[in-house]
Amino acid sequence: MTGATGSAAFAADPAETPGSADTQTSGSTSAPAATVTPTDQRYPELVTGNNQRWVAKPDTVQLVTTSAQAVAVVQNAVSAGKRITVRSGGHCYEDFVSNPDVKVILDMSKMNRVYWDSARRAYAVEAGAVLLDMYEQLYKLYGVVVPGGYCYSVGVGGFIAGGGFGLLSRRNGLSVDHLYGVEVVTVDTYGRARLTVATREAGDPNRDLWWAHTGGGGGNFGVVTRYWFRSAGSDGSNPATALPKPPAQVLLSTVTMPWSKLSQADFTKLVDNYGKWYAANSAPDSPYTALGSYLILNHQANGAVSILTQVDATAQGAQSLLDSFLAAVTDGVSATPSPLPAPRTLPWLRATRMLGTSSPVLNNPTLRGDHKSACMRKGFPPEQIATLYKYLNSPDYSNAMANVVLHPYGGKVASVAEADTAAPHRSTVFKVLTQTFWQDAAEDAKHLAWTRAFYGEMYAATGGVPVPNDVTDGCYVNYPDTDISDPAYNTSSAPWHRLYYKDNYPRLQKVKAAWDPKNIFRHGQSVQLP
């Protein structure tokens, strides 16, 4: 499977550009959005996202190609008293879009242009673009990048609003650390839909709306129609220096360890080594910011666990950095291949395209799934490693598509203060994603029971969830999990919003009150009005 890399057109200045005012009401003469109803053959395709557990039944799906169309769709829904929600890439893990109460889905997928906006001296990326489209356009034309994730088909709209991270984040920070501005359709206290541009400029009266989109999560404040990216410190006078350049080439290493040779002692050592390495090498000035690695702990039914590592091949001593990392992580693990497989040297974009399109599970649009996250400030305590081993080897549960993935974090991410953006987990050194996939709806209860029991036992000492403390640091809003709102699963004193937002939640509530006072934009874990 490949990303539809030709779907996002590049233009110097597209026909539709924002006006001189940074707040505009509806009233454009733009052609209307494309409307799909339940009698249309396209309807089944458009009412479900990537997770087949969630299927919506809206009155209409509205596909827009311009901001003016988005304003009109929102205004019509509000005037008719119909609940509206928005989808860009369709990768939401919960039913926030595909919810039975939703009557209008605003589909952004065809509003997907990526271009240099000379008026704002920043790169504009429309909310319907997917990550690989953005990488292709920015790199091929200007040699720059917004550091982001590796799953090619994730939509920019929700990804950026949740903070956005990936293999280059240790080197270049979060996606939102380069966010200059955002264009949003909001609804005021009188029920009027309007288009607002908010930037990070200190004197911008809309700056708090920009801040809320630097990690406050999607679907909370309005409909994002486009983002603008320009790194802090750049004045935008030269497009080639407005964003960081990715590595020209990367070293890409994969080390696989068969479960048949991986004892519990080996597993314990491997996971402990990984956590301790990240805790020791995640300072913003560490030479290891050039390196990012995933430890993929597949269920034993899959047959193996693996370490995927990418290193900036242009960094000083790149091969030594890789060798040192792999030696530290596999130290004392008898299942480690000897010698280790040699890394491949690839152009950055080619490696990114390969990683983003090569997973048969992530790129399968027919699967059902359940996902849970944790942010770690240190390596796992021994009892948590024991729990990992127990559930990944459970004799009562066998699923080759179940795993725990430890994601790279820290480095330049830690150079930003927690309150400077809405993304608060700046002291996190790696992130944890526990997930399972399956096809048959009749098996939902079995798979949900496994993830819930696993997660609850993993964080049993803190009420079944990773509360912010000196070891854990909460949950990642782009991996939403409604169980953490349920007192049956979260028995801690930390509510779901503290896990996602920590001390930034009261400010997000103020933004909500200012920009969505009628609570038009809401879902199962949306920011609540104060």
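# Reading a predicted model, feature by feature

Guide: Helix α3, which covers residues 131-142, has 12 residues and reaches 16 Å from its first C-alpha to its last, close to the 16 Å expected at 1.5 Å a residue. The model we are reading is predicted.

Visitor: Which residues of α3 are buried, and what covers them?

Guide: The buried residues are Leu 131, Leu 132, Asp 133, Met 134, Tyr 135, Glu 136, Gln 137 and Leu 138. Their cover includes the strands β6 (114-117) and β7 (122-126), together with the helices α4 (156-161) and α9 (348-357). Just after α3, Gly 143 takes a positive phi of about 70 degrees.

Visitor: Turning to the sheet, what is the order of its seven strands?

Guide: The sheet is open, with antiparallel pairing, and its order is β14-β11-β13-β12-β16-β17-β15. At the edges stand β14 (344-347) and β15 (368-376), each of which has a single partner strand, so one side of each is left without a neighbour in the sheet. From one strand to the next, the twist averages 20 degrees.

Visitor: Which helix packs on the sheet, touching β11, β12 and β13?

Guide: That is helix α7 (residues 264-280), which also touches β16 (402-408) and β17 (430-438), and whose direction makes about 155 degrees with that of β12. Helix α11, for its part, lies across β15, β16 and β17, and runs at about 160 degrees to β17.

Visitor: How many residues of strand β13 are buried?

Guide: In β13, residues 304-312, nine of its nine residues are buried. Both faces are covered, with Ala 304, Ser 306, Leu 308, Gln 310 and Asp 312 on one side, and Val 305, Ile 307, Thr 309 and Val 311 on the other.

Visitor: How many bridges join β13 to β11, and how many join it to β12?

Guide: Nine bridges join β13 to β11 (residues 249-258), and these two strands run antiparallel; Thr 254, for example, has Leu 308 of β13 as its bridge partner. Six bridges join β13 to β12 (residues 291-298), again in an antiparallel arrangement, where Ser 293 has Thr 309 as its bridge partner and Leu 295 stands opposite Ile 307. The hairpin of β12 and β13 has five residues between the strands, and in this hairpin Gly 303 takes a positive phi near 105 degrees.

Visitor: How should I read a pair of packed helices?

Guide: Two packed helices are described by the angle between their axes and by the distance between those axes. Here the axes of α10 (residues 382-392) and α11 (residues 444-458) come within 9 Å and cross at roughly 165 degrees. The two helices are therefore roughly antiparallel to each other, and their crossing is right-handed. On the α10 side, Gln 384, Thr 387, Leu 388, Lys 390, Tyr 391 and Leu 392 meet Trp 450, Ala 453, Phe 454, Glu 457 and Met 458 of α11.

Visitor: Where is the cis peptide bond with omega of about 0 degrees?

Guide: The cis bond joins Ser 338 and Pro 339, and Pro 339 is found in the loop between α8 (318-330) and β14.

How values were computed: Residues numbered from 1 in each chain as written. Predicted model: local features only at pLDDT ≥ 70, side-chain atom pairs only at ≥ 80, totals over all residues. Heavy atoms only, no water. Helix = DSSP H or I, 4+ residues; strand = E, 2+ residues; numbered from the N terminus. Expected span 1.5 Å × (residues − 1). Buried < 20%, exposed > 50% of the residue type's maximum accessible area, 1.4 Å probe, protein only. Contact = heavy atoms within 4.5 Å. Pairing = 2+ DSSP bridges. Axes fitted to C-alpha atoms, helices over the stretch in contact; angles between N-to-C directions. Parallel < 35°, antiparallel > 145°, perpendicular 65-115°, else oblique. Left-handed = near helix turned anticlockwise from the far one by under 90°.
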